[in-house]
Amino acid sequence: MGGFFESAYEGTPPWDIGRPQPEFVRLEAAGEIRGSVLDVGCGTGENALHMAAKGHDVWGIDGAPTAIKKAKAKAKERALKVNFVGHDALRLESLGRTFDTVIDSGLFHVFDDADRKTFARSLGSALAAGGRYFMMCFSEREPGDWGPRRVTQAEVRAAFRSGWRVEWIREARFATINEYGGAEAWLSKISRT
Ligand code: SAH
């Protein structure tokens, strides 16, 4: 990855809202988050910390060192245990372990077509058989061209075709810092078969 994210974390980027994404809070409350959890592209850690507060064994990985540093500081301050690691999401096999659940708030939509393929393979190595991947990405229903690449439901299905089952794709919203007013998203539940 380039320096875009690392520079963004010198300030407060629009997605870094200082609380977990409401869609992931709802998933957890609905009992969808099972067992051990890996938060890929965890940023400054709010979603991972939420899952840890709810009693899950949680790791968070991100490629931006400043994000990981901020996430570790929050964990310490809140006395929550999350293993935050600087790591490339395209190389999850070198984490050397699998998880029951992977959560992704805003990582998948960063990837170009080639990286989507690499990521699906990488993700497959980090999920136990029957494990679940919950992914929220920008949707093509979000107008304008601010922010990341828009993703269609067909593209989500294409990226997770063999070795995966797309359980559902729902309309959702990203919360952002106030002046951006949130964004249209797809929230997907995808199982490792
Ligand atoms: N999930 C966080 C951050 C979303 S922004 C949140 O909800 O706030 C996307 C994140 O993915 C950024 O933190 C960025 O540093 C990270 N990222 C992008 N490409 C990555 C890669 N190849 N490996 C690991 N992290 C990556």
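## Basis of the description

Helices (H or I, at least four residues) and strands (E, at least two) are DSSP runs, numbered from the N terminus. The model is a predicted one, so that local features need pLDDT of at least 70 and side-chain atom pairs count only at pLDDT 80 or more, whereas totals for chains, interfaces and linings use all residues. Residues are numbered from 1 along each chain as its sequence is written, and side-chain values use heavy atoms, with hydrogens and water left out.

## The ligand site

The ligand is surrounded by 18 residues, and the closest are Tyr9, Gly41, Asp62, Ala89 and Ser105; a residue is near a molecule if one of its heavy atoms lies within 4 Å of it. This shell consists of nine nonpolar, seven polar and two charged residues, where Ala, Val, Leu, Ile, Met, Phe, Trp, Tyr, Cys and Pro count as nonpolar, Asp, Glu, Lys and Arg as charged, and the others, Gly among them, as polar. The space that the ligand takes is the largest pocket. A pocket is defined on a 1 Å grid over the protein atoms alone as an open set of points with protein on both sides within 12 Å along at least five of seven lines, and a molecule sits in one if more than half of its atoms lie within 2 Å of its grid points.

Polar contacts are pairs of N or O atoms within 3.5 Å; within protein, one must be able to donate a hydrogen and the other to accept it, and residues adjacent in sequence count only if both atoms are side-chain atoms. A polar backbone atom of glycine 41 is 2.7 Å from a nitrogen atom of the ligand, a backbone N or O atom of alanine 89 lies 2.8 Å from a ligand nitrogen, and a polar side-chain atom of aspartate 88 lies 3.0 Å from a ligand nitrogen. The protein covers 94% of the 570 Å² of accessible area that the ligand has on its own, the areas coming from the Shrake-Rupley method with a 1.4 Å probe.

## Buried residues

A residue is called buried under 20% relative accessible area, exposed over 50%, and partly exposed in between (1.4 Å probe, protein chains only). Lysine 74, in helix 4 (residues 65-77), counts as buried because its relative accessibility is 15%, and its side chain makes a polar contact of 2.7 Å with the side chain of glutamate 46.

Arginine 116 belongs to helix 5 (residues 113-126) and is buried at a relative accessible area of 7%; its C-alpha lies 8.9 Å from that of leucine 90, 26 residues away in sequence. Phenylalanine 24, in helix 2, is buried with a value of 1%. Glutamate 142 is also buried, at 13%, although its place is in the loop between strand 5 (127-138) and helix 6 (153-159).

## Exposed loop residues

Glutamate 10 is found in the loop between helix 1 (4-8) and helix 2 (22-29), and it counts as exposed because its relative accessibility is 66%. Between glutamate 10 and threonine 66 there are 7.2 Å from C-alpha to C-alpha, with a separation of 56 residues in sequence.

Alanine 79 lies in the loop between helix 4 and strand 3 (82-86) and is exposed at 70% relative accessibility. Although alanine 79 is not a glycine, its phi is positive, at about 55°.

Methods:
1 Å grid on protein atoms, 1.4 Å probe; cavity = no way out; pocket = protein on both sides within 12 Å on 5 of 7 lines; lining within 4 Å.
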